Structures are given as structure tokens and as C-alpha cells.
Amino acid sequence: MKTLITTLLFLITTHMALSQQKIPKWFLENMEQSIGTWITDNSIYKNENEPFDQYGMDWKWGIGKQSITGNLYGLINGKKQGKFWEFRQYWDFTQNKGIVAQYGGDGTVGIGPMILKEGGQTEMIQEFISPDGKKSMHGHRSVINGNKFTSTSFDILSDETWKKRRSYTWYITKNEKTMDLGTFSISLAVKDIKASKGFYEKLGFTMIDGNLDQKWAILKNENSKIGLFQGMFPANTLTFTPKNARNIHDTAKKEGLTIIMPKGLDKKNGPASFMITDPDGNPILMDQH
């Protein structure tokens, strides 16, 4: 019994320690950007043994949004023709590395780390083991840019030389995360920042961010959040904090909405924001921190 209790305490302590660690921002963004259905043209590689005119990938969140799962399949005339690979991408806290594992329909398993390179490119090096025990090394270099995803696969030879295999350009056709607007708050255009702060503090709000000398403050009361801004906004503004403002921007533009005050949208990653107005002229801010 003593041994069992000791083991349970060790497992609980280890789990609590790992749960307090955070997944790096770049890795979270990569998973967030991957969610959805991606399609690529395969006409250049199509042949009798590979009759697929397209390939598709579906990616979705795992439990607790700590990992993502995906699968790869062929398409003929837009119809799925079986599943070739299943994927799981997650952050391994014990190794402090991003990991991608994939499982083939024939029993082949590939696993290895994902690292971030310059220009937002990710690189994977995976060891594959087939059911007969044969091992091989393969690499991938990929870049996600909004609704476009480019990937190149390589064989990694015994002398560690990377030999190029194929390149694909994928386009998203179904994006489950596009309209995830994130947390909602309201940004108030106030006349006197100190007077407004004092008023909302009487309602139980507490200042959690801001600078009164710069005439702005963020206040919170349980799940309610408001922003006070003196001389910054022409009117009270509805504010959303999505994880991916770029995808929401692309969708809004596609729907014919007028975009104003764009900021940071020309960059692949990092903070980005823009504003739109509803039919009654109410401003809506999409602000990715």
C-alpha cells in the first residue's frame, strides 16, 4: 500500500509540474493555423499506380486543445479514396520539443521533432519503421501563410544529405477556426479616464492592465472585461481577441466587408488587428495580441 501511495503521489506531482509548463507560442500558432481541411493538386505525380488527382488533409483539435490530429487521403473527382496516414502533433514537455507522429495504413510508424526555422518555416525529421523492421529517415519543410500551405518532403540519406522528393501547395477549403472570435469585451471611448476608472471600480471592476498617464485602462470583474480609452476611439467599440485575426480578416474580406485600420496583417505571425463596422455604424475591433 505504501508503495502504491508513493507511486500515485509521484504521478500526481509530475502531472502538476508538466501542466504548469506552457507550449511555446510558435508551436501553438502552428497548430491553430493547421486546423481545417486542406486540398492539393496531384496531377503532376498522377499515374496508373497513383490515380489520385488530389490529396486532402483534415486537421482538428485534440482533447483540451493541447494537440492536433489529422489524416491524409486521396481524392478522385472530389471523392475520398481511403485514408493513408493518421497524424498527431503535440508538445513533449519531457524533451521540450514539438513532436509529430504518423501512422500508416500498412502499419508503418514515423515520429520525430518539429522545429521552427527562419521566415516561419517549420522543419521535421522523422524516423520511420515499417512492419518488417526496416528503418528510414525522412524530412519535411513547410510554411503556412494564411489559407495557403506549402510542403516539401525529403529522403535523408546515410550521410545526412537531404534528397528532395515532392513539393505540394495546399489550400484550405474548410476552416473550423476562421470565425472563432475569441474573448469578447467592450472598449469605451471615455472623456475622463480617472473618473471612468473610479466609476467601474465601484461596480467591482479591478484594473488589470493599462497606463493612466497614457489614458487607457483594462478592467475586469470575474468573466466581464472592459477597456477604457480617452481620446483613442471615436466611439464605443465591440472588441474581440481571436487567436488568428488573419484568417478572420480573409473571411471578412471575402464576404465583402469593409476593412479599416489594418495593422500587422502583412506579417505571417505575431500581433495583428483590424476594424469593421456593422450596419448601424458600430465599430468592431478584431485584436490578436
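Predicted model: local features only at pLDDT ≥ 70, side-chain atom pairs only at ≥ 80, totals over all residues.
How do the residues lining the largest pocket divide into nonpolar, polar and charged? The lining comprises 20 nonpolar, 14 polar and 4 charged residues.

The protein chain has a mean pLDDT of 88, and 91% of its residues reach 70 or more. Confidence is highest in strand β7 (residues 122–129), with a mean of 97, and lowest in helix α1 (residues 2–19), with a mean of 48. Over residues 8–19 the pLDDT stays under 50, and for this stretch the model has 1 contact beyond four places in sequence.

A second pocket can now be considered. The second largest pocket holds about 600 Å³ of space. Of the 24 residues that line this pocket, Phe229, Thr239, Leu285, Asp287 and His289 lie nearest its centre. Several strands give two or more residues to the lining, among them β11 (183–190), β13 (216–221) and β18 (283–288). The most comes from β17, with 4 residues. By class, this lining has 10 nonpolar, 10 polar and 4 charged residues.

Which residues line the largest cavity? They are Glu29, Glu32, Gln33, Lys243, Asn244, Arg246, Lys268, Asn269, Gly270 and Gln288. Helix α2 (residues 25–34) gives the most to this lining, with 3 residues. In terms of class, the lining of the largest cavity has 5 polar and 5 charged residues and no nonpolar ones.

Attention now turns to pairs of charged side chains. Side chains of opposite charge can pair when their charged atoms come close. In this model the count comes to 6 salt bridges. One of them joins arginine 166 to glutamate 50, with the closest N and O atoms 2.7 Å apart. Arginine 166 lies in strand β10 (residues 162–174), whereas glutamate 50 lies in the loop between β1 (36–41) and β2 (54–61), so the pair ties together parts that are 116 residues apart in sequence. With a relative accessibility of 25%, arginine 166 is partly exposed. Glutamate 50, at 11%, is buried because the limit for that class is under 20%.

Another salt bridge connects glutamate 123 with arginine 141, where the closest N and O atoms are 2.9 Å apart. Here the pair links distant parts of the chain, since glutamate 123 belongs to strand β7 and arginine 141 to strand β8 (residues 135–145), 18 residues apart.

Lysine 197 is buried, with a relative accessible area of 16%, and glutamate 201 is partly exposed at 34% relative accessibility.

Conventions. Residues numbered from 1 in each chain as written. Heavy atoms only, no water. pLDDT = per-residue confidence, 0-100. Contact = heavy atoms within 4.5 Å. Salt bridge = Lys/Arg side-chain N within 4 Å of Asp/Glu carboxyl O. Buried < 20%, exposed > 50% of the residue type's maximum accessible area, 1.4 Å probe, protein only. 1 Å grid on protein atoms, 1.4 Å probe; cavity = no way out; pocket = protein on both sides within 12 Å on 5 of 7 lines; lining within 4 Å. Nonpolar A, V, L, I, M, F, W, Y, C, P; charged D, E, K, R; others polar. Points joined across faces, edges and corners; volume = space filled by probe spheres on them.
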